[in-house]
Amino acid sequence: MTTPLQARPVPDIVTALPGPRARAHIEFDHAWTSPSLPRAYPLVPVRGLGCAVEDIDGNVFLDFAAGIAVNSTGHSHPDVVAAIQAQAAELQHFSASDFYLPIYAKAAAELARIAPMQGKTRVFIGNSGAEAVEAGLKLARHHTRRPNVIAFLGAFHGRTMGAVSLTASKAKYHAHFGPMLPGVYHVPFGLAGLDELEERVFKRLMPADEFAAVIVEPIQGEGGYVVPEPEFLPRLRELCDRHGILLIADEVQSGAGRTGKMWAIQHWGVEPDILLTAKGIGSGMPVGAMIAKAELMTWGPGAHGSTYGGNPVALAALLATIRLLEGGLVANAAVRGRELMDGLRPLVDRFPGLVRDVRGKGLMIGIQFDSGATAEAVQMQAFDRGLLVLECGDDCVRMSPPLVVSEAEAAAAARLFTQSVEAVAIHRRESEAEVAEEAAQGLLTPTIEAGG
């Protein structure tokens, strides 16, 4: 008989990792799935509850990755499960692109209500973050009749053709898929990028009145959980206003309460013209949305649509998620985030040179190391201890747990992560000592440099 997850300690590792059933499944997976799927480490999840995830061998992990910041209300939250079940029993699908699906309009009204813009907004609902990005890109070009778009180095906006053209977090996302969408200009993230826009791009490359939009993650996600300078977003808003450029906030990862506010951009008191959401807004169901000021919705019937966008079951989860976020989870993210940051900040002083920074807002926390190899080693040490975290950027590990995380779970994660960093530091010292000893004994082979 399977032990209920709520009765298990978290974490609870009962086999070597990966376990025998996990190894067998991974071999089966590799035979049939696309090799484009990157896979962070050998986790084979089969069950989840709150911040706990059980793998195929019965190992229980403390989940501080949340399906890449998706499971905002935790795994299998009873309110979300009940909403999904009730809706599935009534109507599982009807295309909202062609008919007046009641829950679609209800969900759109709720998203408009919580949007960080004053005045009336309208909403297009799709299936994912990438679809929301595509919708925002199309609407900006359609409304302004301008062809070009500005994005930032380090940004991740998705992998569909338009979205990947805006993405600039890793070169491999562009490799062999070119040419990319024309008219996309990338500048550094932060104030230096705004200087480059005004001094180089607008003066030397393309006039400002040729740009439809700037798309920005208020806090960069895959780029390394990078929090910009306090002046960045206000100055970006002013620049857009001055040149008639639309400001698109990509809140796919940073939104839905993750940073301790409903939307990360609210930390800077800035209103976007278009906001994009997905991931955590549906608690794991496939849903994404573009929320835009009503006066920008100048496109007509057929200009954009989606067969599955606004699926009733996904929207039932979205509506339940919004209730839970407003019912205490956004506030919990702010409190637990402060506790977690307090537990992680000492790493910078304790491991000088190894840990370079601990940064973030709410439960969107990045720990920067001296190299990508160190970040990967810490991630694997955490996995071995039953803590799920994910790399991001060139040299960072991100913590993005479900917003239901408790004080005890936050403390456990900080403790396990500290142990993981300590294990990597010890291994490094031992390796350096071995090299020094071999050098002292004359056992190392001298390196012969090429060239004259």
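**View 1. Glu-222 and its side-chain partners.** The side chain of Glu-222 forms a polar contact with that of Lys-170 at 3.0 Å, a polar contact being a pair of N or O atoms within 3.5 Å in which, within protein, one must be able to donate a hydrogen and the other to accept it, and residues adjacent in sequence count only if both atoms are side-chain atoms. A polar contact at 3.1 Å links the side chains of Glu-222 and Ser-169. The model is predicted: local features need pLDDT of at least 70, side-chain atom pairs count only at pLDDT 80 or more, and totals for chains, interfaces and linings use all residues. Residues are numbered from 1 along each chain as its sequence is written, and side-chain values use heavy atoms, without hydrogens and water.

**View 2. The setting of Glu-222.** Glu-222 is located in the loop between strand 7 and helix 8. Glu-222 counts as buried because its relative accessibility is 11% (buried: under 20% relative accessible area, 1.4 Å probe, protein chains only). Beyond its neighbours within four places in sequence, the contacts of Glu-222 include Phe-156, Tyr-173, Gln-253 and Cys-392 (contact: heavy atoms within 4.5 Å).

View 3. In the order 4-10-9-8-7-5-6, 7 strands make up an open sheet with mixed pairing (strands: DSSP runs of E, at least two residues, numbered from the N terminus; pairing: at least two DSSP bridges). Strand 4 (121-126) and strand 6 (184-187) are the edge strands, each pairing on one side only.

**View 4. Strands 9 and 10.** Strand 9 (residues 274-277) and strand 10 (residues 288-293) run antiparallel and are joined by 4 bridges. Leu-275 is positioned opposite Ile-291 of strand 10.

Key
Buried means under 20% relative accessible area, exposed over 50%, partly exposed in between (1.4 Å probe, protein chains only).
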